[in-house]
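I am opening my notebook on a structure that is new to me.

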2 protein chains.
Amino acid sequence: MRNRNEARKEAEALVSRMTTEEKASQLKYNAPAIPRLGIPAYNWWNEVLHGVARAGTATVFPQAIGLAAIFDEEMHEEIATVIAEEARAKYNGQSAHGDRDIYKGLTVWSPNINIFRDPRWGRGHETYGEDPYLTSRLGVRFIRGLQGDGKYLKTAACAKHFAVHSGPEALRHSFDARADRKDLFETYLPAFEAAVKEGEVESVMGAYNRVNGEPACGSKTLLKDILRDQWGFRGHVVSDCWAIRDFHVNHHVTGTAPESAALAIHNGCDLNCGNTYLHMMQAVQEGLVSEEEITRACVRLMTTRILLGLFDENCAYNAIPVTATDTDAHADLAQRAAEKSMVLLKNDGVLPLDPEKIRTIAVIGPNADSIPALEGNYNGTSSRYVTFLEGIRACARAHGIRVLYSLGCHLFKDRTSNLAQADDRLAEAAMYAEAADVTVACVGLDAGLEGEEGDTGNEFFSGDKKDLLIPESQRKLLAVLRERAKKLVTVTAAGSSLNVGVGDAEIFAWYPGQAGGTALARILFGEVSPGGKLPLTFYRDVSDLPPFEDYSMKNRTYRYFEGVPLYPFGYGLSYTAFAVPDASAEEGRVKVTVKNTGERAGDAVV
Amino acid sequence: MRNRNEARKEAEALVSRMTTEEKASQLKYNAPAIPRLGIPAYNWWNEVLHGVARAGTATVFPQAIGLAAIFDEEMHEEIATVIAEEARAKYNGQSAHGDRDIYKGLTVWSPNINIFRDPRWGRGHETYGEDPYLTSRLGVRFIRGLQGDGKYLKTAACAKHFAVHSGPEALRHSFDARADRKDLFETYLPAFEAAVKEGEVESVMGAYNRVNGEPACGSKTLLKDILRDQWGFRGHVVSDCWAIRDFHVNHHVTGTAPESAALAIHNGCDLNCGNTYLHMMQAVQEGLVSEEEITRACVRLMTTRILLGLFDENCAYNAIPVTATDTDAHADLAQRAAEKSMVLLKNDGVLPLDPEKIRTIAVIGPNADSIPALEGNYNGTSSRYVTFLEGIRACARAHGIRVLYSLGCHLFKDRTSNLAQADDRLAEAAMYAEAADVTVACVGLDAGLEGEEGDTGNEFFSGDKKDLLIPESQRKLLAVLRERAKKLVTVTAAGSSLNVGVGDAEIFAWYPGQAGGTALARILFGEVSPGGKLPLTFYRDVSDLPPFEDYSMKNRTYRYFEGVPLYPFGYGLSYTAFAVPDASAEEGRVKVTVKNTGERAGDAVV
C-alpha cells in the first residue's frame, strides 16, 4: 500500500503551485483541468452500490440489502473486489476515449452504511439492514474489496451518509434528526467508526439532514470532533449532492451561499457535490474562509487522487482491459450471491417443487417479467438479465413443464390500460392459476415505489412507503390467486419489511440482480437451498412502531423492539432443516453456525 | 359456414323485441347487456394486428409490415389462424370469469390494409406496404385465417381504415384527403374490394379523415355507393374511435353531435367507436334519424354476434382451452416468421459470421436489448421475448464467443442521464467495438418514434417521421462504430423506409416480434438465410418525394416513383444467391419464383 504521508507530501507540493482560485476550483465534484500543472479534469461522482452503477454495462449484483441477507463477509469482499475490477476496466477504457465525466471516475460513493431504522424509509434497501454490528462487518469488507491491497487504491470507497440518516425522504433537505448519545454511539455511528478505523475508508459523505441541530455536512461535532479528532480519519469528506445549498435554502442555519460554503469547509467538508463552492472565492473575499482552509481541503483531495495512482502512468491497474467487465465469472458470482440472498419465509411443504408431479406452472404478477424488480436502485445495466419468468421457463423447459404467464395487474395502478375497467388482468391470472398445478406469484415493489426523494417514477409512495403492504392492485391479485391456485408460492421482490402472507410458501427475493430469475428457479426446483437470513426485523404493521420521524431507537429493530415481529432478525428457513428433520437437522444447524461465526447477527437467529 | 341469411333472420327476430332505446344502445362499441332478452354486455373493440393485442399474454408475431416482407400468403393465413385460436382461447377464459371488457371480444379490428403511401407516415408499419396487389392478397388471407371456415366465424375480422388514410397523424381528425378516380380505384380501394369480395370480411372500419370532402365514417360515396352497392358488402361498418365526433368538432361538416350521429348512421356506419351515438335518441327526436335506420344497424350488429356463435352454447370454438394461447408451436411459428421477414440489404461478405474466426462480438445500440424494438405497436405481451442481444448471446455461447454489450446511446436523446454530458455512452461503445472482432449495431426506431397520433411516448416525431434518418444520437453512434469496428453489421428495427447505410452488412429487421433475437442470431450465424423482401420502396431522402399531405400517387411507390430509389420494392439479398454464385444461384432463383408465385410483387424483384 502506498504510504499516505508520502502521497500527502506530493499533494502538498502540487497544491503549492496552484493559485487560490485553482485550489478552490478543485473542491467541486466536477473539478476542471489545470493544464499548466498536468492535472486533468476529474469528476468525483461515481456509484457502485451493488455493481458499477449508471455508467453502462456492468455486472449487477443483488441490491445491498440482499447482499446483507447472505451474512457472508468473505463473499461480500469478493463481490466488492469484482466491482472494483469492473470500475477500473471501465475507467481505463472510458478515460482512454477522453470521457472523464460523471459516473466514470474511481472515487465511488459506496457503501451506504446507514442503519435501516424504520421500514418505511425508501432508501433502506441501499443499506445492510438494521444491525450496527452486521453493518460494520459488511461495510469494512466492502471497503476493503473496493480499495484493494495494492500499491494504489483500486478505487476510493466512501462511507455514507454521515450520519443519523434514514428518512423521511420528503423532509431530508430540512430535517433535524435528534439522537441521544447512547443511540449515536451504539446505533448510528459504529459502522462509520469501523469503516474509518478498520476499513481505512478513503472518503466519508455527509448527510442531508441536521443532526441535533447541526447540518451534517457542516457539523463540528460529526466532522471535526468525532470523525477526525476521535477516530483519526485522514481521508476527505464529500457533501451529499446539493446538501451545502440546503444550509441556507432549507435548514436556514446560514443566510447566504458563501456562508454555507464557509461553514462546510470550516468543519472539514472538503469536496462539494453541488455548486455552492462556486461561491468559495467570494467567501474568501468576505473574510469567511481562509486560504489555509482551502489549501487543506485541496491537499486532501489531491492526496486521494495520488493514492489512486491517477498521476502514475505505470499504475498496475491501468493494465486491466475493458473486457474485464461483465465476464462469465462475474456473472456466476452474481448468480451465487442471488441464490444465497433469497430468504425462505414460509414453506408448507410445497417447496422444493417436484418436477415429476408438475405439468403446468403459472407465473403471475407485475414483478414476474420485470427488470426493475431485479435492479433495485443505484444500479448498472446488465447484459444478461434473467427475469423470474425467464429463469422459471428455462428450468421448466428442462423438465418438459408448460409455463403460463400473466402480468396479473399493474404494479400499483388499478388497471393496465386507461381504456379498460379496473382489474383488467385478473381474469387472465385466474384462468391460468386454475389451469396450473402450481402458481408462482411474483409481487412486491421496485425502486419506483421505494426509493429516493426526487427519483422519477416515485408516483405512488414518493420515495418512502406509507405502510408495510404491497400495493392494493397486488393484494387483489393475490386474493384471486389464493382462491384459484392449487398451490401458491409468493415471491416478493422488495428491499424492506413487507407483510405479504398468503402463499403456501413464501420467498423474499430482495432485488436480486441480473441473475435473479436463474437463482429463483434453482431454489424453486430445489437445485439449491435458499440461504438468506433477514438482516432486519419484519414487522406486522407500522402501528407497532414509533412515528417515522422519531430517531430514538426505543421500540425499533430486534435490539429494542417490544412487540411481536412478523419475522425476526436473522430469520430464514432452508430445505435442509425442513426436508430432513432428524440427522441432517444438525448438519443444517452447523451450517448456520459457520456462516455467522463471530457475528452478533448470528446470535439473533432462533 | 353458417348461412348469413338465416343469421340475419334470427337477428331480425331478436331486434324486433327491442325498444328503440335498446336498439340505439347496441350501436356503441361498449354495448350494454339487455338481460330480459338474454343479451350479455359486449365490447366490440379488440385488436389483433400481429397477434392478440392489449389483452395480456399472447404470441407476438412480426409487425404487419414485417409479415408483408415474407411475401408468403400461406404462412400469412397460418399466422392469422393461430391468432384467431388465441383470441378464442382468451375469450373463453376471460368471459368465463365475467370479463367482457375492451380487448376481450371476438370482433377484431384488423388487418390494416391502407396503402403505405408516404414513408413519413407513423402508422405505415401497421400495413402491408405500398403495393395494392400484395396488400390485397395478404389482407384476404389474413381475414380468412381470422374468420376460419367453421360453422361460425372464429373471429370477425375488420378491414381498416376505409379509405384513403395514411397520415399525417397530427392532422387526421380534420384532414381532407383528395384522390382522383384513378388513384382511388387503382391504389386506395383494391385491397378493400378484395377484402369484401374475396375475404368476405365481416366488418369495415371508416377512417378519421375526409375523402374528397366527405368524412369517411359518414361518406355516401364510400359507405353506400361503393362498399354496399358496388361491392355488395353485407357485414357491419364501425367508425374509427371518436371519428364521428370529428364531424362537428374538427371537420365541421355538421353542427352538433346528433347531426353527426345522423350523418354516420344514414350512410351506413352501424357501430360507433366513441360516444357520439349516445345522442342517437336525441337525433331521433329531432327528426334526423328514423327508427328504421337504427333497426338496420342493430340487425347488422346482431347478425355478426350470431355469426360468431355468441348466442350458441354449443359453438365448437367454446371448447378451445385457455392453454391454447402462447404455445410452443405458436412460438415456433413466430420465430420462423421473423426469420423469413428480415431483409438483407447489403452484404460485403461479412455475413454469415464464421464462428471459427470470431472470439469476441460487440452488440451495441439502443435497440440491442429493447423489447419495444420487437413489439411494434398494436401488440400483445409475450412471455418469451428474446431481444437481439439475448439471441446473439445464446448463439455466441454455443460457439464459445464472448459478447460485449453497450447501449451506445439513448434511442433519440443526446445523453442517457440528465446529469451527464452529451454522448455519455459513446466511449463505452467505442472501446467495445475496438475489442471485438465484429460489431453488430442495433439501431432504428420503435413505436414511440413512429406511431399513432396520441400515443404516449411520441415525444420525438409526434407520430410521423420528419425524415428518413435514424435519430441524431444513433447517427453519431454509427459514425463512431464505423471508425472503431473491425467489421460492422447494422441491424435496423423499424417499420418504414430509412437510410442507415454505413455497415459492411445491413439487415432490416422490422419489428420482428417475440422471437426477433433468435431469428436475427440464426441469420447472423448462417443457420438460416434471410428471406425477406421489401414490401415498399426505400427512398434516399424525403426531398425526392411530393409533400406528405399530397395524396396523388404521382412520383410515389415503385409503380410511379420517377427517381432513383435507395432500394427498390421487392429487394432483398440472400446468402444462397451470393455465397454460391454459380450452380446454387439457379436454385436460389427457383426459390424466389416459388415464393412469389401469382404475386405482382414477385415481378418487381429484380
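**Entry 1: a strand pair in chain A.** I started with C158(A) and looked for its bridge partner in β5(A), which is S203(A). I kept in mind that this is a predicted model. C158(A) belongs to strand β3 of chain A, residues 158-162. I then counted the bridges from β3(A) to strand β5, residues 203-206 of chain A, and found 3. The two strands run parallel. Is β3(A) mostly covered or mostly open? I checked burial along the strand: 5 of its 5 residues are buried, so to speak under the 20% limit on relative accessible area.

**Entry 2: a sheet in chain B.** Next I traced a sheet in chain B. I read its strand order as β9-β14-β13-β12-β10-β11. The sheet is open, has 6 strands and shows mixed pairing. Which strands stand at the edges? I found β9 (343-347) and β11 (402-406) of chain B there. Each has a single partner strand, so one side of each lacks a neighbour in the sheet. I also noted the twist, which averages 15° from one strand to the next.

Entry 3: I went back to β9(B) to see how it pairs. Its partner here is strand β14 of chain B, residues 505-508, and the pairing is antiparallel. I counted 4 bridges between them. Opposite N347(B) I found A505(B), in β14(B).

**Entry 4: a helix across the sheet.** I looked for what lies across the strands. Helix α17 of chain B, residues 472-484, lies across β10 (360-364), β12 (438-444) and β13 (488-493) of chain B. The helix runs at about 170° to β12(B).

Entry 5: I turned to helix α4 (residues 73-96) and helix α5 (residues 132-147), both of chain B. Their axes come within 7 Å and cross at roughly 35°. The crossing of α4(B) past α5(B) is right-handed. I listed who meets whom. On the α4(B) side I noted E73(B), H76(B), E77(B) and I83(B), among others. On the α5(B) side the list includes R137(B), R141(B), F142(B) and R144(B). I sorted the residues of this contact into 6 nonpolar, 3 polar and 6 charged.

**Entry 6: the two copies.** Last, I laid chain B on chain A. The same surface serves both: 100% of the contact residues of chain B recur in chain A.

Conventions. Residues numbered from 1 in each chain as written. Chains lettered and ligands numbered in written order. Predicted model: local features only at pLDDT ≥ 70, side-chain atom pairs only at ≥ 80, totals over all residues. Heavy atoms only, no water. Buried < 20%, exposed > 50% of the residue type's maximum accessible area, 1.4 Å probe, protein only. Pairing = 2+ DSSP bridges. Axes fitted to C-alpha atoms, helices over the stretch in contact; angles between N-to-C directions. Contact = heavy atoms within 4.5 Å. Left-handed = near helix turned anticlockwise from the far one by under 90°. Nonpolar A, V, L, I, M, F, W, Y, C, P; charged D, E, K, R; others polar.
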